[in-house]
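Open your viewer and have the selection tool ready. We will go from stop to stop, picking residues as we go.

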Amino acid sequence: MRLQTRFGKGLSLCLLLLAAPAAWADPAPPAAAPAPQLPLPFRIVDQFNTMFGVHPGFRANHAKGSVFEGTFTPAPAAKSLSKAAHLQGTPVPITVRFSNGGGLPDMPDTHPSYRTRGMAVKFQLPDGKFTDIVCISTNGFPVSNGEDFLALLKAIATTTPDSPKPTPIETFLGSHPAAAKAVATPQPIPESYATQPYFGVDAFKFTNAGESQFGRYQLVPEAGAHFLSDADAAKLPPNFLSDDVKARLKTAPVKFKLLVQLAKPGDVITDATAVWPDSNPTVELGEISIAKADTDSLAAEKKLLFVPTALTDGIAASADPIIALRGAAYGISYGRRNKP
């Protein structure tokens, strides 16, 4: 009855066999299972390599940078916020890397599309171990999770001048208002890496002897925040940001105040797109004093790994998923640039 219903009444079994022999043949072998997908951090690093190419010895993102050495001196209030070893009063050595966003090692500092700057600091602790902070020049991140970040990168990569409207990036921004806001926020070119404020977009938990508070890092240049017009910046050489830091070091150290902006009740601590109000209180952790440029920055950069997950007792990651993602992706990029 089932066969007659499907092919029409009166159709004999003989005609069915003649008309559709494949239906009665041995079943086709099952299709091969799709290859397992790489973990998300690998796919993000691969996407950067697709966009910018592979440059052996360099990071997949923030490929262009300069390394400097200096000292961190804790402020008196630091120990009241956290029991972390480098916040207890004794100055510790630091390594600082300034960088430009994007995956091109020779990208000029005036590039019109990739204006995010980075400042990473590695603190050498009294026991010989290290802890890191990694900040960028924008207050807030365009997306709140890794899948959206990968989708953003793909939308950028697949948008071309002749893409039909709406373009892939327009479609993405239309459904991600935080990313749209981030893209629309002006990013002027600073006079120097030394005149650019930097922000930790992820929240961390700071614990002293008996109390914990969540906060985000801020690096405030003691020289003040100073920027250039695009016209003035266009007249400068391609490496003027680091050249200016080196020039300043001939007369005095380059200094930053390290602050923590504290979360208030109701502030979101697990979403890097959620920018907290400027009215939130801050605690000064100390002063970063940069004394000299590394004499072989390229060699130093290849060996250095700065990750927000390199933490010490008294400072812990929040549940913000971007923290773990960044730590994993930076580690993958590090492994590739140091591959024999």
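Select helix H11, then its buried residues: they pack against helix H3 (40–52), strand E4 (130–136), helix H5 (146–158), strand E7 (204–207), helix H10 (297–303) and strand E12 (315–317). Packing here rests on contact, meaning heavy atoms within 4.5 Å. The model is predicted: local features need pLDDT of at least 70, side-chain atom pairs count only at pLDDT 80 or more, and totals for chains, interfaces and linings use all residues. Residues are numbered from 1 along each chain as its sequence is written, and side-chain values use heavy atoms, with hydrogens and water left out. Helices (H or I, at least four residues) and strands (E, at least two) are DSSP runs, numbered from the N terminus.

Which residues of H11 are buried? Colour Ile322, Ile323, Leu325, Arg326, Gly327, Ala329, Ile332, Ser333 and Arg337. Buried means under 20% relative accessible area, exposed over 50%, partly exposed in between (1.4 Å probe, protein chains only).

Now check the length of H11. It has 17 residues (321–337) and should span 24 Å at 1.5 Å a residue; the end C-alpha atoms are 25 Å apart, which agrees. The expected span is 1.5 Å times one less than the number of residues.

Go to the N-terminal end of H11. Asp320 caps it, with a side-chain oxygen 3.0 Å from the backbone nitrogen of Ile322.

Next, select Ser99 in strand E2 (residues 92–100). Is Ser99 buried or exposed? Ser99 counts as buried, because its relative accessibility is 4%. Show the side chains of Ser99 and His62: a polar contact of 2.8 Å joins them. A polar contact is a pair of N or O atoms within 3.5 Å; within protein, one must be able to donate a hydrogen and the other to accept it, and residues adjacent in sequence count only if both atoms are side-chain atoms.

Stay with His62. It is in the loop between H3 and strand E1 (64–74). Its phi is positive, about 50°, although His62 is not a glycine. His62 is also buried, at 15% relative accessible area.

Move to Tyr217. With Leu285 and Ile288, Tyr217 touches the most other members of the largest nonpolar core, which has 40 residues. Strand E10 (residues 254–262) gives the largest share of this core, 5 residues. A nonpolar core is a set of buried Ala, Val, Leu, Ile, Met, Phe, Trp, Tyr and Cys residues joined through side-chain atoms within 4.5 Å.

Last stop: select Lys165 and Pro166. A cis peptide bond joins them, with omega about -10°.
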